[in-house]
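Good morning, and thank you for coming. Please look at the display first.

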Amino acid sequence: PAPSPDDIDGKATLRLRERGTDRVHVYEGWAWTEEKGDDDPEWMDDYVTRANVSKQGIEHR
C-alpha cells in the first residue's frame, strides 16, 4: 500500500471470472495506509490499510 491516497504510484488490475460463464469482470484496485480514525474500534492498530476498486468493464472469453 501507498503511504497516503495522494502518493499512489500504480494500480493493480484484478480479473475475476464469473463461474459457469465466459465473462471476466475487470477491476482496477489500489490501497493506502492512514492513521486510525476516531470512529474506528480501539482494538485496531494506530495505522490501518484502506483500499478502493473501480470496475473497468467485462471481457468475454
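Leaving aside its neighbours within four places in sequence, which residues is Val24 in contact with? Before I answer, please note that this is a predicted model. The contacts of Val24 are Arg15, Leu16, Arg17, Gly57, Ile58, Glu59 and Arg61.

Val24 lies in strand β2, which covers residues 23-35. Is Val24 buried or exposed? Its relative accessible area is 6%, and Val24 counts as buried because the cut-off is under 20%. One of its contacts, Arg17, is also its bridge partner. As for distance, Val24 and Ser54 are 30 residues apart in sequence, while their C-alpha atoms are 15 Å apart in space.

I turn now to the strands. The protein has three strands and zero helices, and along the sequence this gives the pattern β-β-β. Strand β1, residues 12-17, pairs with β2 in the antiparallel sense, over six bridges. Within that pairing, Thr13 stands opposite Glu28 of β2. Between the two strands of this hairpin there are five residues, and Gly20 takes a positive phi near 80° there.

How many bridges join β2 and β3? There are 13, and this pairing is again in the antiparallel sense. One example is Tyr27, whose bridge partner in β3 is Lys55. Strand β2 therefore pairs with β1 and with β3, since at least two bridges are required for two strands to pair.

Consider next Glu28, which also has its place in strand β2. Glu28 is partly exposed, because its relative accessible area is 27%, and that category lies between 20% and 50%. Not counting residues up to four places away in sequence, Glu28 touches Lys11, Ala12, Asn52, Val53, Ser54 and Gln56. Asp39, by contrast, is eleven residues from Glu28 in sequence, and their C-alpha atoms are 28 Å apart.

Asp45 is found in the loop between β2 and β3, the latter being residues 47-60. Why is Asp45 called exposed? Its relative accessible area is 60%, and the term applies because that value is over 50%. Asp45 and Val24 are 21 residues apart along the chain, and 36 Å separates their C-alpha atoms.

Finally, the protein as a whole. The C-alpha trace spans about 45 × 25 × 15 Å along its principal axes. The radius of gyration is 16 Å, whereas a compact globule of 61 residues would have one near 10 Å. Of the 61 residues, 16% count as buried. Among contacts with a separation of 6 or more, 43% come from residues 24 or more positions apart.

The accessible surface comes to about 5,000 Å², and carbon and sulfur atoms account for 45% of that surface. There are 9 positive and 15 negative charges, and their mean positions lie 16 Å apart.

Thank you for your attention.

Terms used: Residues are numbered from 1 along each chain as its sequence is written. This is a predicted model: local features need pLDDT of at least 70, side-chain atom pairs count only at pLDDT 80 or more; totals for chains, interfaces and linings use all residues. Side-chain values use heavy atoms; hydrogens and water are left out. Helices (H or I, at least four residues) and strands (E, at least two) are DSSP runs, numbered from the N terminus. Buried means under 20% relative accessible area, exposed over 50%, partly exposed in between (1.4 Å probe, protein chains only). The radius of gyration is taken over C-alpha atoms; the globule rule is 2.2 Å times the number of residues to the power 0.38. Contact means heavy atoms within 4.5 Å. Accessible areas come from the Shrake-Rupley method with a 1.4 Å probe; for residues, only the protein chains shown count as cover. Lys and Arg count as positive and Asp and Glu as negative; His and the chain ends are not counted. The place of a charge is taken as NZ of Lys, CZ of Arg, CG of Asp or CD of Glu.
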